[in-house]
Amino acid sequence: MKRRLLWRLLPAFIAVVAVSLFLFSLVAFRIFDNFHLAQITDELRAQIMLAEPNLRAAADLQQAVQELGERTGTRFTVILPDGTVTADSAEDPAQMANHADRPEVRNAFGGVVGMSTRYSPTLKKDLTYVALRVRTAGETQFVLRAAKPLRGVKEAIRPVFGVILLAALIIAVAAALVSYIVARRMSIPLRHIQEGAEKFAAGELRSRLAVPDTEEFARLARSLNTMAAELDTRIRTITDQRNELQTILTSMDEALIVVGDDETVLRLNRAAGALFHTAVEEAEGKPVVGVVRNRALHEFIREVLATGLSGQREVELYDSDGRVLLTHGTIVPGETRMALLVFSDVTRLKKLENIRKEFVANVSHELRTPITSIKGFVETLRDGAVDDPANARSFLDTIARQSDRLGAIIEDLLALSKIERDTEQGGIARDRANLRPILDAAVQLFRERAAERGIGIVTVCEETLTAPVNAALLEQAIVNLVDNAVKYSSDNGTITLEARRTGNEATISVADTGVGIASEHLPRLFERFYRVDKARSRTVGGTGLGLAIVKHIALAHGGSVSVESEPGKGSTFSLHLPIS
Ligand code: ADP
């Protein structure tokens, strides 16, 4: 139980007052005592001086002394040089002992004023004695001693004792009052400071304490105010930083997870929640094994936590999308070890990488066939066939055909990569152009070849139809489509090249009445080197890149391609290009 300030101050005050009163009384009594003694001594001396002439002349000393004693109320004694008492106003001198050893008497005979205070067993009280020698013609006649009871100090103060007690009581009450007032005066600002500090503790750090008048309290209040201001700024800075971090984490596209040393999820941002199909609030605090079900990832987290080293690992998610994540793991420095994991979705990159690998393999394969063929025929010729003119010509024709094929493949590859590069580097150049002349120019190239096989080419296009296009590229796309239509048409078929406006786009379609394509091939038809019938493609001189080029030209225009086909009936390839 804590005592209040008042109850701490009051006893101290009273103790101080009591001790000072006691000491004061002690000193006062002493002074009073001394004063009293001095007064009595003086009085006795004066009485001796006054009595001396009378006694010197007195015939009967005893009588003179008795008279004196009665008159003054003082006891007078006359002592002869040998110490015998010859006269005494209070006692019978004959009964009295030799007084030579009394200190005052001894001193008086010695020539000085003898003084002594002591207890008189005869009178049973303290007496003060003063003695002087009386001389006649240079001869010491006797010593005259006067004595008076020394009224005790206690006796002397008895009448004022009550007054002193009352004064002490008044002083004690005054002390209590003063200590009460002082305690109150001290406790009021203290209480204000206490209330203010409680407000700070409750989080009201913007409030300020009033600064009291007392120096020490003012300093305390100012210190508390400074502390609150400081705390306020710090807390605000920390809150701002936390909010900032929260915002950054939330708005990050990269998924992020912080895992504690005990493998529980401490933090998980929105992107990570979406990636692992979990709610942020639900996941935080759970073991990571329960949030992300992926053994490779768990192993990686354990590794990072155990070694404290940063690293990265590719992790495949076994979900429906077959996504691949590149996971960066870092240790967050702090009292306890935490692993920070950042995931980037590299599925697309991975796919592109696979496509690239596949493409390189395909190109190598495509190029190897004609090269092997050329090499074979060249070797045959060198081994002697060159001397057989009939065969040699046919071999040379094959070599030439294979060389053309190689050339065609390389040309198509270059065309493809150019379109791709142009698209990546800010897009291809486009101008609004009439489509009709472009269609006509493309068809023109096949007129002869088509006519030879009895294939009719019909062009349907409004003269006024325009679109923002790269005329050269669009012509190449149409050429590729018409080329295929001719290639895969049976004799006497019809090819319809049509351009029309549908909504906000221009659709250019090439329809033939040829062999058609089975539906399972349609989704992959526009891939590089994809062929439905490899042998046929080769015999008709296809590179397997024609449709890929068409598709990339459409994409470069911000458009798309589509195909409809029925085996045995024919196919329709369409280019969809935006008009505005
Ligand atoms: P290719 O140079 O072999 O013709 P393309 O990329 O132009 O390569 O065409 C890919 C494949 O699509 C061809 O091998 C062919 O099997 C099929 N194809 C393309 N156009 C037609 C069409 N008009 N009719 C039937 N099949 C076609």
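**Note on the ligand site and domain layout**

1. In this predicted model, a polar side-chain atom of Asp 512 is placed 2.8 Å from a nitrogen atom of the ligand.

2. The side chain of Asn 484 brings an N or O atom to 2.8 Å from an oxygen atom of the ligand. At Thr 543 the backbone takes this part, with an N or O atom 2.8 Å from an oxygen atom of the ligand. On its own the ligand has 520 Å² of accessible area, and the protein covers 98% of that area.

3. The shell around the ligand comprises 21 residues, of which Asn 484, Asp 512, Ser 537, Thr 543 and Leu 547 are the closest. Sorted by class, the shell holds 10 nonpolar, 7 polar and 4 charged residues.

4. As to secondary structure, at least two shell residues come from each of helix H14 (471-487), helix H16 (546-556) and strand S17 (570-578). The largest share belongs to H14, which provides 3 residues.

5. On the scale of the whole protein, four stretches are assigned as domains: domain 1 (6-156), domain 2 (252-345), domain 3 (350-424) and domain 4 (431-578). Between the C-alpha centres of domain 1 and domain 4 the separation is 156 Å.

How values were computed. Residues numbered from 1 in each chain as written. Predicted model: local features only at pLDDT ≥ 70, side-chain atom pairs only at ≥ 80, totals over all residues. Heavy atoms only, no water. Domains from an automatic or database assignment. Near = heavy atom within 4 Å. Polar contact = N/O pair within 3.5 Å; in protein donor to acceptor, adjacent residues only side chain to side chain. Areas by Shrake-Rupley, 256 points an atom, 1.4 Å probe, with all protein chains shown as cover. Helix = DSSP H or I, 4+ residues; strand = E, 2+ residues; numbered from the N terminus. Nonpolar A, V, L, I, M, F, W, Y, C, P; charged D, E, K, R; others polar.
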